[in-house]
Amino acid sequence: MAQTQLLDEQDDGQIGECHVMVTVEDRTHPQTPPTGRTHPYQDTPPFSQVDDQPKDSKLRGFRRIRKNQDYVHITMAKSSISRLPSEWWKTGIAFIWAGLNLVLTTVMITIVHDRVPDKSVSPPLPDKFFDYVPRMEWAFRVTEVIGMILVILWFIQWLSLKYRAIVGRRFFFLQGLLYMYRMVTMYITTLPVPSMHMECAPKLQNNSHEKLQRVYQLVSGAGLSITGSHRMCGDFLYSGHTVMLTLTFLFIYEYSPRSRLWTVYHVICGLLSTMGVACILLGHEHYSLDVVVAYFITSRLFYWYHTMANNQALRGSPHNYLNRVWWSFMFSFLEKNVKLSVPCTFSWPISVPSVSFKNPCRSYSKVQSSREE
Amino acid sequence: MKEVRLWTASDVSDWLTEEGMQEYTEALREKDGPALLQLSEQDFNTLPLSLVTGDSGRQLLERIETLRFTSHMKAHKGNNHKNSYHANGHVGVILANGSISNGKTVNGGPKNGLLSEPVRILIPSLSEQERTPFPTEWFKTGVAFLYALCCFLMTTVMISVVHERVPPKEETPPLPDKFFDLFDRVEWAFSICEINGMLLVGLWFTQWLLLKHRSIIGRRFFFIVGTLYLYRCVTMYVTTLPVPGMHFKCSPKLFGDWEAQSRRVMKLMAGGGLSITGSHALCGDYLYSGHTVMLTLTYLFIKEYSPRRFWWYHSICWCLSAVGIFCILLAHDHYTIDVVVAYFMTTRLFWWYHTMANQQALKEKSAGNMFSRVWWFSPFQYFETNVRGIVPRNYQLPFLLRTLTSTRVKYSKLDSRES
């Protein structure tokens, strides 16, 4: 065989000419003997010249053999990091979607405001809660304060999550969708004001400039009465305040650890949320129906979306009825590359490589850290 | 076929020909039944049989052995085996384990491993839920039916209660509604809606009767309908919407007259809540629309549990449903919001329930399974826990029709043995 011949020649060359190979210059070309004897394999690859110990001549020969074979490519499973890609641009799109829906809702409120029947023409509808509980003036302000607290808490929690791109995307998408549904229900049937105390701004029949100003005022005040921006009536079914309170609580609960210490936090947030919703009704600002429908739609949508996202088995299954909703194409766009349920891990928002710690929520720290690296 | 002992020589040769062993007919033409049974290996090693046989008669001996005990079985069919061994005057010796040998001791065991009486293998009788992945469990269907009935009753009572609270149309005019602005009222439209509803319910009922797993599917229908009507109770009660149109003629209010109210409830139930039957003259049950619920739900069930290739059937039902819903609005009998909310609730509940039922992973309470947080998860588990897998769309005539036409295949040997 040519290769064994090569080895033999090499050996001969080594043994025969060893006294010559001691010289340094010859070290660079160990394959070619200093006598200049021609070899069939003159053009040696550089890597095989690295090792120039005599007993490695056979090894060198093996390396040379290997170089002429094809390498076998073994595909390794992708690491779990790539199964939860950040894709901030998708979060940006979801944010735009939410923003667009908020603005459209504001426009719709302005339109609906003109269709609300006057208090004298259409008195408030009979409502069971209002029959039992009289109105309290301060209640709605409490609701809005609680709402702001919950939103701030959720924002802080969101900032400290590791996979904030994915979670943020979900929040914006659900919020936008809920406000879109709200637009539809507000528009098709207009309920009268729930209580005689409500002071609605005067109607502007065709004054579009004024209307635009109102839209701007509402958006800048975030739709809250505290900021004085919300003096328009007609957006009763269903209640946007309930949506925000419920949604922030659901997200806070979902993306935080389940240990005993955190349960206190969950209970506090749950109580805040419930109190906020109760105060809406105490203030006679919405019908009970608005609140009930808002809670139902928010919670169901939240569960629906997360079940679709967390169960990989459902995604390709033909018996998955969940993707018969009209927004399933948006869902697959946002969640196509998310292959796992988002684990609960925290990390500092500003990534300082030496300081950023991954604090796992559960005590399976070994498993979790090895899974994510 | 008569017993081998009684065979004549011609019977023996006929049998040999039947068995495909014609080569022996010449050599065995003198042998009749009993002689055939007495053949042994030694006979095959001597003339004249040794000239004919290739395997020293092993195959033939086996066939004879089979013949012996099948005819023995026939002879002792229905008799007590122990008695018959002595009674029939067998040539053979009765061994301790009840097997027969024809005079040749075979070390106490049966020759060729064949026992002459059947061995009884006890099969443990499994309960139905272990035998099949889709057990019928009519009891659970009955519970679901009762639940639906309770919800209907509660809805009727609630309508009657709410009726008292509806503001009169002079005080509170109908609310502004976008659809009413665009389309004027059409008088006969509501009858169309109710006719469509009745048609769809009839179609669904017929289809349900023809399904094989009707208990499981019926259970699902009753549970979903009951829950939807329960939700309807809640939304009707908390806030009362005014009448959608001035054309409404609401019955007079009976303040506190319980007897008259209960009579009204009965009348409403008896009429199925339809205006066509004249039972529904009560106002206030607007959010959300029960008619939309029935139209949508029956269509969803029809489509789900019928063959995929009946697209024409699905299209017809879809048209019936859509026209029915449109006519509700055209008749100004419900606000648009009632119809929209009803459609939303029905479809979401249907899809939710069926996704949970079809995925084994979603039937258990776990952190990843958010669907387990709904309040009706425990009843759901009760109904669907023994259903393993997706209910196939199989069809079968209902029981009464089945007994009329006997299409059962008769397996003669087994049947005759049992008799």
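Below is a chat about a predicted model with chains A and B.

Q: Let's start where the two chains meet. How many residues does each side put into the contact?
A: Chain A brings 46 residues and chain B brings 41 residues.

Q: And how much area gets buried there?
A: About 4000 Å² is buried between chain A and chain B. Carbon and sulfur atoms give 68% of that.

Q: Why talk about area at all?
A: The accessible area lost when parts come together is often how the size of an interface is given.

Q: OK, what about charges? How many salt bridges cross the interface of chain A and chain B?
A: The rule finds 3 salt bridges there. One of them pairs the side chains of Arg115(A) and Asp181(B), at 3.1 Å from N to O.

Q: Which elements of chain A give two or more residues to the side that touches chain B?
A: They're helices H5 (128-132), H7 (164-188), H9 (240-254), H11 (288-310) and H12 (312-315) of chain A.

Q: Which one gives the most?
A: H11(A) does, with 11 residues on the side of chain A that touches chain B.

Q: How does that side of chain A divide into nonpolar, polar and charged?
A: You get 26 nonpolar, 12 polar and 8 charged residues.

Q: Switching to pockets. What's the volume of the largest pocket?
A: The largest pocket comes out at about 1400 Å³.

Q: Which residues lie nearest its centre?
A: Glu144(A), Ala222(A), Gly223(A), Leu224(A) and His241(A) do, out of 49 lining residues. Helices giving two or more residues to that lining are H4 (88-113), H6 (139-159), H7, H8 (208-220) and H9 of chain A.

Q: What about the second largest pocket, what's its volume?
A: Its volume is about 930 Å³. The second largest pocket is lined by 34 residues, and the closest to its centre are Phe152(B), Val201(B), Tyr229(B), Gly272(B) and Met294(B).

Q: Which helices of chain B give two or more residues to that lining?
A: Those are H9 (138-163), H11 (189-210), H12 (214-238), H13 (258-270) and H14 (290-304) of chain B. H11(B) has the largest share of the lining, 8 residues.

Q: And the lining of the second largest pocket by class? What's in there?
A: It has 20 nonpolar, 11 polar and 3 charged residues.

Q: Back to salt bridges. How many over all chains?
A: The search of the whole structure finds 16. Among them is the one between the side chains of Arg170(A) and Glu335(A), 3.0 Å from N to O.

Q: Where do Arg170(A) and Glu335(A) sit in the chain?
A: Arg170(A) is in helix H7 of chain A, and Glu335(A) is in helix H13 (residues 328-335) of that chain. They're 165 residues apart, and the pair links distant parts of the chain.

Q: I keep looking at Thr25(B). Where is it?
A: Thr25(B) is in helix H2 (residues 23-27) of chain B. The side chain of Thr25(B) reaches the backbone oxygen of Gln22(B) at 2.5 Å. Leaving out residues up to four places away in sequence, Thr25(B) touches Ser13(B), Leu16(B) and Thr17(B).

Q: And what separates the C-alpha atoms of Thr25(B) and Gly202(B)?
A: They're separated by 72 Å, with the two residues 177 apart along the chain.

Conventions: Residues numbered from 1 in each chain as written. Chains lettered and ligands numbered in written order. Predicted model: local features only at pLDDT ≥ 70, side-chain atom pairs only at ≥ 80, totals over all residues. Heavy atoms only, no water. Contact = heavy atoms within 4.5 Å. Buried area = accessible area lost by both parts, 1.4 Å probe. Salt bridge = Lys/Arg side-chain N within 4 Å of Asp/Glu carboxyl O. Helix = DSSP H or I, 4+ residues; strand = E, 2+ residues; numbered from the N terminus. Nonpolar A, V, L, I, M, F, W, Y, C, P; charged D, E, K, R; others polar. 1 Å grid on protein atoms, 1.4 Å probe; cavity = no way out; pocket = protein on both sides within 12 Å on 5 of 7 lines; lining within 4 Å. Points joined across faces, edges and corners; volume = space filled by probe spheres on them. Polar contact = N/O pair within 3.5 Å; in protein donor to acceptor, adjacent residues only side chain to side chain.
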